[in-house]
Amino acid sequence: MKWKLPSGVLCDKKVPILLKGKFYRAVVRPALLYGIKCWLVKISHVQMMKVAKMRMLRWMYGNTKMDMIRNEDIREKVGVAPIEDKMREARLRWFGHIQRRSTDAPVRRCERLAMVGTRRGRGQSKKYWGEVIRQDITRHRITEDMALNRVLWRSSIKVVG
């Protein structure tokens, strides 16, 4: 029900779609991605976030899935980036903070998750936070040492939109 509160702005046909996109980037997306930096993200989590985002964008745009408009087209017209890219950016930004902090700083929960050993039980293997970060780093073609330079790190992980 909380998502329906900003409907006065998001559903108003008089409000330009780019302004709705700015509102989405400033208010809605930060609420969706709150705490994402410490999640052990699974494929199902990414899929749920994609669905929630596209439902919100279609709702803002005034269309339904029956209108047969591609997700990429709606995202482009509203001016927002794919949610999985923003999730990756948030994780990498947090990783940069961890790398630059002093050695006597307290260890947080998600940092402890990154330090957990590789002991695995039966069934599907668990994905640790550190493994997710390593995958993100290889996808962006960056190194962990780049995190020590804040300006370089921020510019190399930034996703526009």
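This is a predicted model: local features need pLDDT of at least 70, side-chain atom pairs count only at pLDDT 80 or more; totals for chains, interfaces and linings use all residues.
Local features are reported for residues with pLDDT of at least 70 and side-chain atom pairs at pLDDT 80 or more, while totals for chains, interfaces and linings use all residues. Residues are numbered from 1 along each chain as its sequence is written, and side-chain values use heavy atoms, with hydrogens and water left out.

Helix α5 has 18 residues and reaches 26 Å from its first C-alpha to its last, close to the 26 Å expected at 1.5 Å a residue. The expected span is 1.5 Å times one less than the number of residues in the helix. Helices here are DSSP runs (H or I, at least four residues), numbered from the N terminus. Among the buried residues of α5 are I83, K86, M87, A90, L92 and I98. A residue is called buried under 20% relative accessible area, exposed over 50% and partly exposed in between, with a 1.4 Å probe and protein chains only.

Side chains of opposite charge can pair when their charged atoms come close. With a salt bridge taken as a side-chain nitrogen of Lys or Arg within 4 Å of a carboxyl oxygen of Asp or Glu, the count comes to eight. In one of them, K50 meets E84 with an N to O distance of 3.9 Å. This pair links distant parts of the chain, since K50 belongs to helix α3 (residues 43-61) and E84 to helix α5 (residues 83-100), 34 residues apart. K50 is partly exposed at a relative accessible area of 32%, and E84 is partly exposed at 25%.

D85 and R88 form another salt bridge, with their closest N and O atoms 3.0 Å apart. Both residues lie in helix α5, three residues apart, about one turn of the helix. D85 is partly exposed, with a relative accessible area of 23%, whereas R88 is buried at 8%. A further salt bridge joins the side chains of K158 and E89 (3.7 Å, N to O). K158 lies in the segment after α8 (150-157) and E89 in helix α5, 69 residues apart, so distant parts of the chain are linked. K158 is partly exposed at 46%, while E89 is buried at 1% relative accessibility. Salt bridges that share partners also join D85, R88, R91 and D136 into one network.

One aromatic pair was found. Rings of Phe, Tyr and Trp (its six-membered ring) pair if their centres lie within 6.5 Å; planes under 30 degrees apart count as stacked, over 60 as edge-to-face and the rest as tilted. The ring centres of F95 and W153 are 6.0 Å apart and the planes stand at 50°, so the pair is tilted. F95 is in helix α5 and W153 in helix α8, 58 residues apart. Both F95 and W153 are buried.

The largest pocket holds about 610 Å³ of space. Of its 24 lining residues, V51, A52, M54, R55 and M56 are the closest to its centre. A pocket is an open set of points on a 1 Å grid over the protein atoms alone, where a 1.4 Å probe fits, with protein on both sides within 12 Å along at least five of seven lines; lining residues have an atom within 4 Å of a point. Helix α3 gives the most to this lining, with 10 residues.

Definitions and conventions: Helices (H or I, at least four residues) and strands (E, at least two) are DSSP runs, numbered from the N terminus. Grid points are joined across faces, edges and corners, and a volume is the space filled by probe spheres set on the points.
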